Amino acid sequence: MTVRLLLLAAMLPLAGLAQLELTLYDATANTETPIGSSLSVGPATVCGPFTSPEIRLRNIGQDPINVTTLGPLNGVIALNQYPLPPFPVPGQSLQAFYISFTPTALGTFNATLTVTGTDAVTQTVYNLNVALTGTSIAAPTLTDSSGNSYCPGGATIYVGKSQVGTPFVPPTTLTLANPTQSAVTATVAEVTPTPGGTDFGPTSPVTVAAGATQTLQLTFTPSVPNTEYGTLTLNGLVYNLAGDGYAAPPPPPPPAPQPTLQLSANANLSDNQAQVSIPLSAAAASVDTGTLKLAFQPSGNLPDDPNIIFIANSTRTVSVQVNPGDTAVQFQAGDGTFQTGTTAGTITFTLDLTVSGVTASASTTIVPAHVALDLSTAVPATDSIILSLAGFDNTHAASMLAFTFYDTTGKAIAPGLIQSDVATAFASYYKTNPDAGGVFNLQATFPVTGDITQVASVDVQFTNPQGVTDTGRLPVQ
Amino acid sequence: MATVLFAGAFAAAQSGRAQSGLTPPQIGFLRDSVQNVRPLLGISGNFWLGDAVAANVVSAASSGNASMLKTKDSLCVLNALGHPVGSAWTATGTALFAFTTAGAPALAWLPDSGELLRWNGTGFKPTPASAADLDGAVVSLAAPDSSSAAFAVQRDGQLWRVDISLLDGGVLFAANLAGAAAPALLFDDGTLLYAGKAALVLRGPQGQERTIAFTGSAVEFTPMGQDWILVENGQPPTYLGLRLSTGRLFELPEVAQ
């Protein structure tokens, strides 16, 4: 009895240790193998991590155990799919978890699996420590010329962008290193190969001898303007490839047809309604809008002539537009008719098309001319003759009027030629009537004594710097 | 033997022996696209519009010496300067006008009420003319003399001239204006202006015709000055000036926007 008690006393700590147990579960056989003081994990490669079978932490006692420590939680060798302590493990129950091994380099890695639990009834503390050892084995590796390493199924190897149908050779190359004892083969292919579809190259497999390193030049020929995917299969491991195809840029638009400002033949004459037209060098391919402006630079010191305007809106600017297919610039209002005014000078047209940025200009010069008369009448009244002369002088400088009245026999009536200096009167008129340009209406009343019916006609001569305008004989009627 | 007492137009003017003046030539008055009546100034080929002398005008005509216009419910007569010299309240609607040969106001026809009014120098007076006697839509009105009115009337697609006595309203004369159609303008001497095929046609009192090339679509003819007719062309209309003596058409400036 004494011996048994001593034995029991000696075994108490052992019994406490035995309250928690770690086993390795074989799901296939549905069996558990106790884990001793050490456990090997692996094998694994840099790109091929290892995950252990299910590990079970068993509470083989009756009392619940509160697990307060479980590790390591991080590192090359670390727990996987585990509960965060503290957590209870009821009596006769288990808590499963895994151990993963993710080597970062060739070599051996060590860690300690630690479990601490406290009996919820007896407050007995239980500790388990298992030495974990993992060994990384050699495997083929893939790096690019920028130093980036790739793992199968990991980051996608981006080959770059290429125009549809154009083979593209990325500036970076891949390096295949085969540290294993046997040759490996790399094969590049599209994810979904189709005839005439996108190509990832090289199209022939590349073999890397045991212990050798080889450079691999990828190529990419997209068939569609889209992101395309491929694979590089190395020793059965699949690396993801991707590249972007883009559409061929649309052909550059044809240059905007060149407009030409054409002025009608009468555009260089005062007192005319002339036309400007704007044919295009070719039919327009697209819409354009803009303005056509006219500017007037009077000759010498002459004033502006406000009647040099576009008829359509009585201004010096009209809106224009071009529609696809048009062979001439269109006016948004009117037909391009403008008044040439009644003042000598130069009219300049400037076209600005806003969309194409095309401009064009043309000018016409209206030279100084003789006085021109639009309406000349000589009407007899009771004892006078009323002479009316309407016309224009584009020099604004009429200087002399001369009249000769004739009787019914064709003889000049005394005093014959009658002259009058009108320079001051016209200068004053033009100054006070700037709206008129060079237009005037002169009316003169000539008192007559004697038989007015004998006054048959009158000849008027109008002088300006360009010469003399003669009305010929105006009948008095 | 006559003697012309003239030593020089302007010198004479200064001495009072002769009268003379320089002014911008005024052709007449017209109703613009925004219903204002404005003087039309200038000469053939170089026009400008003066300041408006009346607004909200539905019809207007000018002989150059005088103008008549119709607002919604009134008639007004303007002198050569565009100053009002008389007016009258009338029925609503448009109006057609006629001037004497000398260019004085003569008649106004109010189609909505079928009234023919006569200007007596101070006001408009009713006449016995009856719309029923016209038996058609009045297209134009003329004043051939002081005792009658001449109408161009559209009857069943044909244009007729119907003269009415201003004394008793009786029909003095009615004749089919064969070949002519509205729009048309009847002159006091019997001349008719109408739109023919690709031309404006001036048919004289004896039937002789003069054509003026015209490819537009005339809507209305209105006197706007001595020797000048306003041609409203197309819709919305553009405005053309027809100089009768030369038979030339000119584009008239639009009101500045």
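The paragraphs below go through a predicted model, from its confidence values to its sheets, cores and single residues.

In this predicted model, local features need pLDDT of at least 70 and side-chain atom pairs count only at pLDDT 80 or more, while totals for chains, interfaces and linings use all residues. Residues are numbered from 1 along each chain as its sequence is written, and chains are lettered from A and ligands numbered from 1 in the order in which they are written.

The predictor's confidence in each residue is called pLDDT and runs from 0 to 100. Chain A has an average pLDDT of 91, and 96% of its residues score at least 70. Residues 1-17 of chain A stay under 50, and the model has three contacts beyond four places in sequence for them. Two residues are in contact if their C-beta atoms, placed from the backbone, lie within 7 Å. Where pLDDT is low, the predicted coordinates should not be read in detail.

Chain B contains two helices and 25 strands. Helices (H or I, at least four residues) and strands (E, at least two) are DSSP runs, numbered from the N terminus. Of the 257 residues in chain B, 46% are buried. A buried residue has 20 or more other C-beta atoms within 10 Å of its own, an exposed one has 12 or fewer, and a partly exposed one falls in between, with C-beta atoms placed from the backbone. Taking the contacts in chain B between residues at least 6 apart in sequence, 35% join residues at least 24 apart.

Next come the sheets. Strands of a sheet pair through backbone hydrogen bonds, either parallel or antiparallel. Here two strands pair if DSSP finds at least two bridges between them. In chain A, five strands make an open sheet with mixed pairing, in the order E3-E11-E10-E6-E8. Its edge strands, E3 (38-44) and E8 (87-89), each pair on one side only. Neighbouring strands of this sheet are turned by 30° against each other on average, direction ignored; the axes are lines fitted to C-alpha atoms, for helices over the stretch in contact, and angles run from 0 to 180 degrees between N-to-C directions. Strand E6 (residues 65-71) of chain A pairs with E8(A) in the antiparallel sense over three bridges, and Ile65(A) stands opposite Val89(A) in E8(A).

Chain B has an open sheet of four strands, E14-E15-E16-E17 in order, with antiparallel pairing. Strand E14 (137-145) and strand E17 (171-176) are the edges, each pairing on one side only. Inside it, strand E15 (residues 148-155) and strand E16 (residues 158-165) run antiparallel and are joined by eight bridges. Val153(B) faces Trp160(B) in E16(B).

Another strand of chain B, E23 (residues 228-233), has six of its six residues buried, so it is largely enclosed by the rest of the structure. Trp228(B), Leu230(B) and Glu232(B) point one way from E23(B), and Ile229(B), Val231(B) and Asn233(B) the other way. Strand E22 (residues 218-225) of chain B runs antiparallel to E23(B) and is joined to it by six bridges; Glu220(B) has Glu232(B) as its bridge partner. These two strands form a hairpin with two residues between them, and Asp227(B) in the turn has a positive phi of about 80°. E23(B) also pairs with strand E24 (residues 238-243) of chain B, again antiparallel and over six bridges. That hairpin has four residues between the strands, and Gly234(B) takes a positive phi near 75°.

Which residues have the most contacts inside the largest nonpolar core? They are Leu107(B), Ala108(B), Leu141(B), Ala149(B), Phe151(B) and Ala184(B), in a core of 73 residues. A nonpolar core is a set of buried Ala, Val, Leu, Ile, Met, Phe, Trp, Tyr and Cys residues joined through C-beta atoms within 7 Å. A second, separate core of 36 residues includes Phe392(A), Ala425(A), Leu442(A) and Val458(A).

Ala425(A) lies in helix H2 (residues 423-432) of chain A, whose buried residues are Ala425(A), Phe426(A), Tyr429(A) and Tyr430(A). These cover an arc of only 125° around the axis, which puts them on the same side of H2(A); the arc is that of the directions from the helix axis to the C-beta atoms. Thr424(A), Ser428(A), Lys431(A) and Thr432(A) are exposed on the other side.

Finally, Val329(A) sits in the loop between strand E26 (317-322) and strand E27 (330-331) of chain A. Val329(A) is buried, with 28 other C-beta atoms within 10 Å. Beyond four places in sequence, its contacts include Pro259(A), Ile278(A) and Leu351(A).
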